[in-house]
Amino acid sequence: MPHSRKRYLRELLLHALRHSPLVGVLGHRQVGKTTLLQQLTENYLSFDDEAVLERVSRNAKDFLSNEAAPSKTSPIALDESQLAPSLFPALKELVRRSPRPGQYLLSGSVRFTSRKAIRESLTGRIINFELHPMSIAELESRPLPDLCRRALQS
(Lines give C-alpha, C1' and ligand atoms only; values in the text may rest on other atoms or scores of the structure.)
Protein backbone atom coordinates (compact mmCIF):
# COMPACT_ATOMS: atom_id res chain seq x y z
CA MET A 1 0.00 0.00 0.00
CA PRO A 2 1.70 3.24 -1.12
CA HIS A 3 0.40 5.46 1.69
CA SER A 4 1.69 3.30 4.52
CA ARG A 5 5.34 4.27 4.07
CA LYS A 6 7.04 5.98 6.97
CA ARG A 7 7.93 9.62 6.34
CA TYR A 8 11.18 11.02 7.67
CA LEU A 9 9.35 14.08 8.99
CA ARG A 10 7.24 11.97 11.35
CA GLU A 11 9.81 11.78 14.17
CA LEU A 12 10.56 15.51 13.95
CA LEU A 13 6.85 16.29 14.23
CA LEU A 14 6.51 14.08 17.30
CA HIS A 15 9.54 15.78 18.86
CA ALA A 16 8.14 19.26 18.10
CA LEU A 17 4.80 18.33 19.67
CA ARG A 18 6.64 17.71 22.94
CA HIS A 19 7.91 21.30 22.92
CA SER A 20 5.35 23.52 21.16
CA PRO A 21 1.59 23.93 21.53
CA LEU A 22 1.20 24.28 17.75
CA VAL A 23 3.00 22.38 15.01
CA GLY A 24 2.47 23.13 11.33
CA VAL A 25 2.94 20.84 8.34
CA LEU A 26 3.13 22.76 5.09
CA GLY A 27 3.56 21.44 1.58
CA HIS A 28 2.26 21.31 -1.93
CA ARG A 29 -0.85 19.37 -2.85
CA GLN A 30 -0.65 15.58 -2.82
CA VAL A 31 2.62 15.24 -0.86
CA GLY A 32 1.00 13.32 2.02
CA LYS A 33 0.10 15.96 4.64
CA THR A 34 -3.33 14.52 5.36
CA THR A 35 -2.04 10.95 5.54
CA LEU A 36 0.74 12.00 7.91
CA LEU A 37 -1.65 13.91 10.19
CA GLN A 38 -4.04 10.97 10.33
CA GLN A 39 -1.14 8.68 11.31
CA LEU A 40 -0.12 11.02 14.14
CA THR A 41 -3.49 11.50 15.83
CA GLU A 42 -6.98 10.07 16.07
CA ASN A 43 -8.40 13.59 16.48
CA TYR A 44 -8.64 14.76 12.87
CA LEU A 45 -10.79 17.54 11.38
CA SER A 46 -10.57 18.84 7.82
CA PHE A 47 -11.63 22.27 6.64
CA ASP A 48 -12.19 20.69 3.23
CA ASP A 49 -15.43 19.53 4.88
CA GLU A 50 -17.79 22.46 4.27
CA ALA A 51 -19.76 21.84 7.46
CA VAL A 52 -16.61 21.95 9.61
CA LEU A 53 -15.39 25.07 7.79
CA GLU A 54 -18.75 26.75 8.36
CA ARG A 55 -18.64 26.01 12.10
CA VAL A 56 -15.11 27.40 12.55
CA SER A 57 -15.92 30.43 10.40
CA ARG A 58 -19.04 31.18 12.44
CA ASN A 59 -17.15 31.30 15.75
CA ALA A 60 -13.56 30.03 15.92
CA LYS A 61 -13.29 30.44 19.69
CA ASP A 62 -16.37 28.28 20.32
CA PHE A 63 -15.17 25.77 17.72
CA LEU A 64 -11.84 25.38 19.56
CA SER A 65 -13.52 25.20 22.96
CA ASN A 66 -16.11 22.60 21.99
CA GLU A 67 -15.53 20.63 18.81
CA ALA A 68 -11.73 20.90 18.69
CA ALA A 69 -10.88 21.18 22.37
CA PRO A 70 -7.28 20.11 23.01
CA SER A 71 -6.81 16.64 24.42
CA LYS A 72 -4.16 15.87 27.01
CA THR A 73 -3.28 12.61 25.26
CA SER A 74 -3.32 13.37 21.54
CA PRO A 75 -3.11 16.54 19.43
CA ILE A 76 -6.03 17.79 17.37
CA ALA A 77 -5.19 17.78 13.65
CA LEU A 78 -6.71 20.68 11.70
CA ASP A 79 -6.20 19.95 8.02
CA GLU A 80 -6.17 22.70 5.37
CA SER A 81 -6.05 25.38 8.08
CA GLN A 82 -5.44 28.18 5.58
CA LEU A 83 -9.11 27.88 4.61
CA ALA A 84 -10.14 29.19 8.06
CA PRO A 85 -8.46 32.60 8.66
CA SER A 86 -10.52 33.24 11.81
CA LEU A 87 -8.88 30.19 13.36
CA PHE A 88 -5.49 31.88 13.77
CA PRO A 89 -6.33 34.68 16.26
CA ALA A 90 -8.41 32.20 18.26
CA LEU A 91 -5.47 29.78 18.41
CA LYS A 92 -3.14 32.60 19.45
CA GLU A 93 -5.38 33.46 22.40
CA LEU A 94 -5.94 29.83 23.34
CA VAL A 95 -2.24 28.98 23.52
CA ARG A 96 -1.47 32.30 25.24
CA ARG A 97 -3.76 31.23 28.06
CA SER A 98 -2.66 27.58 27.97
CA PRO A 99 0.79 27.07 26.38
CA ARG A 100 0.84 23.31 26.99
CA PRO A 101 2.85 21.52 24.27
CA GLY A 102 1.23 19.18 21.77
CA GLN A 103 -2.23 20.70 21.44
CA TYR A 104 -2.68 21.16 17.69
CA LEU A 105 -1.23 19.95 14.40
CA LEU A 106 -2.09 22.33 11.56
CA SER A 107 -1.63 21.57 7.90
CA GLY A 108 -1.79 23.73 4.84
CA SER A 109 -0.91 23.76 1.20
CA VAL A 110 0.30 27.37 1.47
CA ARG A 111 2.35 29.20 4.06
CA PHE A 112 -0.16 30.63 6.49
CA THR A 113 1.37 34.11 6.40
CA SER A 114 1.17 34.25 2.61
CA ARG A 115 -2.62 34.58 2.72
CA LYS A 116 -3.80 38.17 3.13
CA ALA A 117 -6.82 37.01 5.10
CA ILE A 118 -4.57 35.46 7.76
CA ARG A 119 -3.19 38.32 9.80
CA GLU A 120 -1.94 36.29 12.74
CA SER A 121 1.39 34.54 12.08
CA LEU A 122 1.48 32.64 15.40
CA THR A 123 5.18 33.54 15.65
CA GLY A 124 6.68 32.10 18.82
CA ARG A 125 3.73 29.72 19.24
CA ILE A 126 4.14 27.40 16.25
CA ILE A 127 6.91 25.30 14.76
CA ASN A 128 6.40 24.84 11.02
CA PHE A 129 7.80 22.03 8.89
CA GLU A 130 7.66 21.58 5.15
CA LEU A 131 6.71 18.17 3.79
CA HIS A 132 8.25 17.45 0.41
CA PRO A 133 7.23 14.68 -2.00
CA MET A 134 8.45 11.24 -1.04
CA SER A 135 12.10 10.66 -1.70
CA ILE A 136 13.34 7.46 -3.32
CA ALA A 137 14.80 6.46 0.04
CA GLU A 138 11.38 6.88 1.71
CA LEU A 139 9.69 4.93 -1.09
CA GLU A 140 12.16 2.10 -0.56
CA SER A 141 11.82 2.36 3.24
CA ARG A 142 15.53 3.02 3.68
CA PRO A 143 16.71 4.79 6.83
CA LEU A 144 17.50 8.48 6.69
CA PRO A 145 21.19 8.90 5.83
CA ASP A 146 23.31 9.99 8.80
CA LEU A 147 24.35 13.22 7.06
CA CYS A 148 20.74 14.29 6.72
CA ARG A 149 19.90 13.23 10.28
CA ARG A 150 22.80 15.25 11.72
CA ALA A 151 21.80 18.29 9.64
CA LEU A 152 18.18 18.06 10.83
CA GLN A 153 19.20 17.72 14.47
CA SER A 154 21.47 20.76 14.55
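**Overall fold, sheet and packing**

Buried residues, defined as those under 20% relative accessible area with a 1.4 Å probe and protein chains only, make up 40% of the 154 residues in the protein. The structure is a predicted model, in which local features need pLDDT of at least 70 and side-chain atom pairs count only at pLDDT 80 or more, while totals for chains, interfaces and linings use all residues. Residues are numbered from 1 along each chain as its sequence is written, and side-chain values use heavy atoms, with hydrogens and water left out.

The secondary structure consists of seven helices and five strands, taken as DSSP runs (helices H or I, at least four residues; strands E, at least two) and numbered from the N terminus. Along the sequence these elements follow the pattern α-β-α-β-α-α-β-α-β-β-α-α. Among contacts (heavy atoms within 4.5 Å) between residues at least 6 apart in sequence, 79% join residues at least 24 apart.

The five strands form an open sheet with parallel pairing, in the order β2-β3-β4-β1-β5; two strands pair if DSSP finds at least two bridges between them. Strands β2 (43–46) and β5 (126–130) are at the edges and have a single partner strand each, so one side of each lacks a neighbour in the sheet. From one strand to the next, the twist averages 20 degrees. Strand β1 (residues 22–26) runs parallel to β5 and is joined to it by five bridges. Within β5, N128 is the residue opposite G24.

Helix α2 (residues 33–40) lies across β1, β2, β3 and β4, and runs at about 170 degrees to β4. Axes are lines fitted to C-alpha atoms, for helices over the stretch in contact, and angles run from 0 to 180 degrees between N-to-C directions. Helix α1 (residues 9–17) packs against α2 at an angle of about 55 degrees, with the axes 11 Å apart. The contact involves L9, R10, L13 and L14 of α1 together with L36, Q39 and L40 of α2.

The largest nonpolar core has 22 residues, and F63, L64, L78, L87 and Y104 have the most contacts inside it. Such a core is a set of buried Ala, Val, Leu, Ile, Met, Phe, Trp, Tyr and Cys residues joined through side-chain atoms within 4.5 Å. Two or more residues each are given to this core by α3 (50–58), α4 (60–65), β3 (76–79), α5 (87–97) and β4 (104–108). Helix α5 provides the largest share, six residues. A second, separate core has 14 residues, including L9, V25, V31 and L36.

Technical notes
Buried means under 20% relative accessible area, exposed over 50%, partly exposed in between (1.4 Å probe, protein chains only).
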